[in-house]
Amino acid sequence: MKTRNSLFIILLLLPIKLIGQTEFAINSSYDPYEDAILIHITNPTDKIMQIRNDDGTGSGSHMLFQLKDRTGEVFSYYEAVFFETADYQRFVSINPRSTKTFKYYMKHLQSSYTTKVHSVDVDCYIRYSIPEKSRYEFVNKKISTKIIKPDLMILSQHDGRNLIMIILSNTSDYEMIIRNSTTAIRFDFFDKKGELLGTTNAAFVQSGTTPTTIKITQHSGVRFDYQLQDISKNITRQSEITTVKASCRVNYDIPSKNILNNSSSKNHMFKIIR
């Protein structure tokens, strides 16, 4: 009986020990606006953590991206290390109780553009250390991310001076109906010190009119132009504007998908050149 009880205690303690060996969390996500896979590593400890990248000898950290099609078959591979800039880093530090995100653009991961990517698996081989705790570990973890773009994407362009453009892009296979509103866009105006000078609300305007609804055909977009001098005409210190923030919230329907009054939101920042 004593031996059995001892074995039971060991089995209870074993998972706790194994969980404790990995003192960080790693996960991934997809950013449709950047068209990039984001790898997030969280250091929950109160000490600095260091990731040691592979230097070509196979002795350091690296990742293997596996791009899959709609059937789940891998059609492309890409190997990478953890980096914050375009330059190679042997060591990457993560501050205590913080998360560091690493960005990998899909255009760099794909060897073929003829096949649509539906999901990405990433095999992570990580050698990390917490020097102040004399801890040196190796962890292997597989994470997966689905490549999903929202039906409505809110994009922007800017000429650097006076013209601000908001583009509503329908990525779906069906016609979309935009529910227009006088508060669809909120423009915030800031001076060079970051002080808020004022705010203006705006609707989506086409040919000088403000329609109640706007139809966007599948896989297409509609552009709306806003002149800085018009949207900021009620700002007293108009000449001091150096930054404009456009906060967009759009309600839409896709009747063929039984989607009613769905919404999408996005913020865009514009630097004004004087």
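Contact here means heavy atoms within 4.5 Å. Keep that cut-off in mind for each stop on this tour of a predicted model.

**Whole chain**

Start with everything shown. The protein chain has three helices and 18 strands. Its radius of gyration is 25 Å, well over the 19 Å that the globule rule gives for 274 residues, so the chain is more spread out than a compact globule. Along the principal axes, the C-alpha trace spans about 85 × 50 × 45 Å. Of the 274 residues, 40% count as buried. The accessible surface comes to about 16000 Å². Carbon and sulfur atoms account for 50% of that surface.

Now look at contacts between residues at least 6 apart in sequence. Of these, 63% join residues at least 24 apart.

**Colour by confidence**

The average pLDDT of the chain is 89. A score of at least 70 is reached by 92% of the residues. Next, select residues 1-21, where the pLDDT is below 50. Beyond near neighbours in sequence, this stretch has four contacts in the model. Where pLDDT is low, the predicted coordinates should not be read in detail.

**Select His268**

His268 sits in strand 18, which covers residues 259-271. Is His268 buried or exposed? His268 has 11% relative accessibility and therefore counts as buried, since the cut-off is under 20%.

Show the side chain of His268 and look for its polar partners. One of its polar atoms lies 2.8 Å from the backbone oxygen of Ile154. The His268 side chain also makes a polar contact with the side chain of Ser156, at 3.1 Å.

Which residues does His268 contact, leaving aside neighbours within four places in sequence? They are Ile154, Leu155, Ser156, Val244, Lys245 and Ala246.

**Select Ser172**

Move to the loop between strand 11 (163-170) and strand 12 (176-179), where Ser172 is found. Although Ser172 is in a loop, Ser172 is buried, with a relative accessible area of 4%. Its side chain makes a polar contact of 2.7 Å with the side chain of Asn170. Apart from neighbours within four places in sequence, Ser172 is in contact with Asp151, Gln218, His219 and Ile254.

How many disulfides does the structure hold? The count is zero. Display Cys124, which counts as buried at 1% relative accessibility. Then display Cys248, which counts as buried at 2%.

Finish with two backbone angles. Most residues other than glycine have a negative phi. Asp35 has a positive one, near 50°. Find Asp35 in the loop between strand 1 (25-31) and strand 2 (36-43). Asp35 is partly exposed, with a relative accessible area of 29%.

Now jump to Arg97. Phi of Arg97 is also positive, near 50°. The place to look is the loop between strand 6 (91-94) and strand 7 (98-105). Is Arg97 buried or exposed? Arg97 counts as exposed, because its relative accessibility is 62% and the cut-off is over 50%.

Conventions: Residues numbered from 1 in each chain as written. Predicted model: local features only at pLDDT ≥ 70, side-chain atom pairs only at ≥ 80, totals over all residues. Heavy atoms only, no water. pLDDT = per-residue confidence, 0-100. Helix = DSSP H or I, 4+ residues; strand = E, 2+ residues; numbered from the N terminus. Buried < 20%, exposed > 50% of the residue type's maximum accessible area, 1.4 Å probe, protein only. Polar contact = N/O pair within 3.5 Å; in protein donor to acceptor, adjacent residues only side chain to side chain. Disulfide = S-S within 2.5 Å. Rg over C-alpha atoms; globule rule 2.2 N^0.38 Å. Areas by Shrake-Rupley, 256 points an atom, 1.4 Å probe, with all protein chains shown as cover.
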